[in-house]
Amino acid sequence: MKRRDSARGKRRRSIGMVLSGGGARGVFQVGVYEKLLADPRFAEGPAAISGTSAGAINAALIAAGRSPKEMLEFWHSIGDDPPATASARFFFTAGRTLLELLIKEGARLLVPSRRWRYLWQRAKNHFPPRPGDLTALLIEYILAVRFDLVSDFLSGIQEPFLADTSALRERLVQALGGETVPTDRVRLAINTVDAHSGRVVRFVTHATPLTRPPDYHIVDAITVDMIMASCAIPLLFPPIRIGPHLLWDGGLLVNTPLAPVVALGADEIVPVLVTEPAEPGAEPLAHFGRAVERTVDSLLENAYNVDRKLLLERNRLAALDPGTYRAVKLYEAVRPARDGVFNAGSYLYFDRAVLHQMYEAGLRAAEVWLEAGPRLDHLEEAPAGVAA
């Protein structure tokens, strides 16, 4: 979308916004968006938006012209009435399979065999016994001798997801005013992953020289099902079938998708991440929850850093060959400060009060980001982003 200044006849700057996935943390992006709109430099809003998972929901709401207040109401409604239902079939077949395996394995252990010898050898490492030693011994037994039980258990669960999300679909239809996203003023990209091939599948609303197959699929309109596909966290939510593809959460491979907004013509890019900046030092991780949090954050950060370096290297090539490549300004990422509310559980913790705290964290982070410049990212540096 080319926007021109009627007074000067010059092409206006085209701002692209990239919204990462992050489950409940997506409400952080609403606070960031609200603060950006209040700044004269970004008051016009984005001309192109690329989103994944929770970021895809926010991208669709922004493209549909929803205000930050309306977006916040949507997230609060999720906190008040979470639109996901645990699958009874999943838990019934899981319980039945577990019981069957316990009975069969218990019967086998009644007969003397090499399993007895292994258990005796391992038991010596847990003597004298301490709290948790019995459980640890059983886990060692499964991992070293009968790991096939894990495969048997998983194969016995006759549902590939834990929770149904049809209620979320209905909520999105209501919030967007229909089955499709009105995007007359915004170029929109929604990012997913094919569950069978593992390839990235991007749905975009405008054709450009860079939005080429097989990754890009030009569509007349983004549908609610495309958004649902981008939100379909593997194993947790059901994959979505669209045409020949069975689709999962784009966060698997492209959690902070920079490429689509470049392809859609953005001159400047504002990436909004929901991961905290790296914690300096080499202190031990305090507990298992912190280890889980850093594992998830590291995977998401790596995905962003790969795309970031590719874009900044592309800018270097643009300086050498401007006829082939177009330089794009990449701002340092807006992200939350290290805050107790952004913990391991916050990705899926939809409590209304916690959601509001993350929204307010977005307001603070964007304010500091704006006051800092905002600063441009450079390949020579590896900034953690600006946080409150």
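Author: Let's start with one word: a residue is buried when its relative accessible area is under 20%, exposed when over 50%, and partly exposed in between (1.4 Å probe, protein chains only). The model is predicted, so local features need pLDDT of at least 70 and side-chain atom pairs pLDDT 80 or more, while totals for chains, interfaces and linings use all residues. Residues are numbered from 1 along each chain as its sequence is written, and side-chain values use heavy atoms, leaving out hydrogens and water.

Reader: Fine. Which residues of helix 8 are buried, then?

Author: In helix 8, residues 166-176, they are Leu168, Arg171, Leu172, Ala175 and Leu176. Helices (H or I, at least four residues) and strands (E, at least two) are DSSP runs, numbered from the N terminus.

Reader: What puts those residues on the same side of helix 8?

Author: The arc, meaning that of the directions from the helix axis to the C-beta atoms. They cover an arc of only 120° around the axis, so they sit on the same side of helix 8. Glu170 and Gln174, on the other side, are exposed. The cover over the buried residues includes helix 2, helix 3 and helix 9 (224-230); contact here means heavy atoms within 4.5 Å. Just past the end of helix 8, glycine 177 has a positive phi of about 80°.

Reader: What makes helix 1 largely enclosed?

Author: Count its residues: eight of the eleven in helix 1 (27-37) are buried, so the rest of the structure largely encloses it. Among them are Val27, Phe28, Tyr33 and Leu36. Strand 1 (15-19), strand 10 (268-272) and helix 12 (352-371) are among the elements covering them.

Reader: Why is serine 53 called buried?

Author: Its relative accessibility is 6%, which is under 20%, so it counts as buried. Serine 53 lies in the loop between strand 2 (48-51) and helix 2. Leaving aside neighbours within four places in sequence, serine 53 touches Gly21, Ser230, Cys231 and Asp249. Phi of serine 53 is near 55°, a positive value in a residue other than glycine.

Reader: And leucine 235, buried or exposed?

Author: Exposed: the relative accessible area of leucine 235 is 58%, and that is over 50%. Leucine 235 sits in the loop between helix 9 and strand 8 (240-242), and its phi, near 75°, is positive in a residue other than glycine.

Reader: Now the rings. Why are phenylalanine 28 and phenylalanine 342 called an aromatic pair, and of which kind?

Author: Rings of Phe, Tyr and Trp (its six-membered ring) pair if their centres lie within 6.5 Å; planes under 30 degrees apart are stacked, over 60 edge-to-face, the rest tilted. The structure holds six such pairs. For phenylalanine 28 and phenylalanine 342 the centres are 5.9 Å apart and the planes are at 85°, so the pair is edge-to-face. This pair links helix 1 to the loop between strand 11 (329-330) and helix 12, 314 residues apart. Both phenylalanine 28 and phenylalanine 342 are buried.

Reader: What about phenylalanine 90 and phenylalanine 91?

Author: Their centres are 5.0 Å apart with 75° between the planes, so that pair is edge-to-face too. Phenylalanine 90 is buried at 13%, whereas phenylalanine 91, at 46%, is partly exposed. Elsewhere, ring pairs link Phe42, Tyr331 and Trp369 into a cluster.

Reader: How do you know that the charged end of arginine 25 sits over the ring of tyrosine 347?

Author: The rule asks for NZ of Lys or CZ of Arg within 6 Å of the ring centre and within 35 degrees of the ring normal. The charged end of arginine 25 does sit over that ring, 3.9 Å from its centre.

Reader: What makes strand 8 and strand 9 a pair?

Author: DSSP has to find at least two bridges between two strands. Strand 8 and strand 9 have three, in the antiparallel sense, so they pair. Arginine 241 has leucine 246 in strand 9 as its bridge partner. The two strands form a hairpin with two residues between them, and glycine 243 in the turn has a positive phi of about 60°.

Reader: How many bridges join strand 5 to strand 9?

Author: Three join strand 5 (187-194) to strand 9, and these strands run antiparallel. Threonine 192 stands opposite aspartate 249 in strand 9. Four of the five residues of strand 9 (245-249) are buried, so strand 9 is mostly covered.

Reader: Where are the cis peptide bonds?

Author: One runs from phenylalanine 127 to proline 128, with omega near 0°. Another runs from glycine 373 to proline 374, with omega near -5°.
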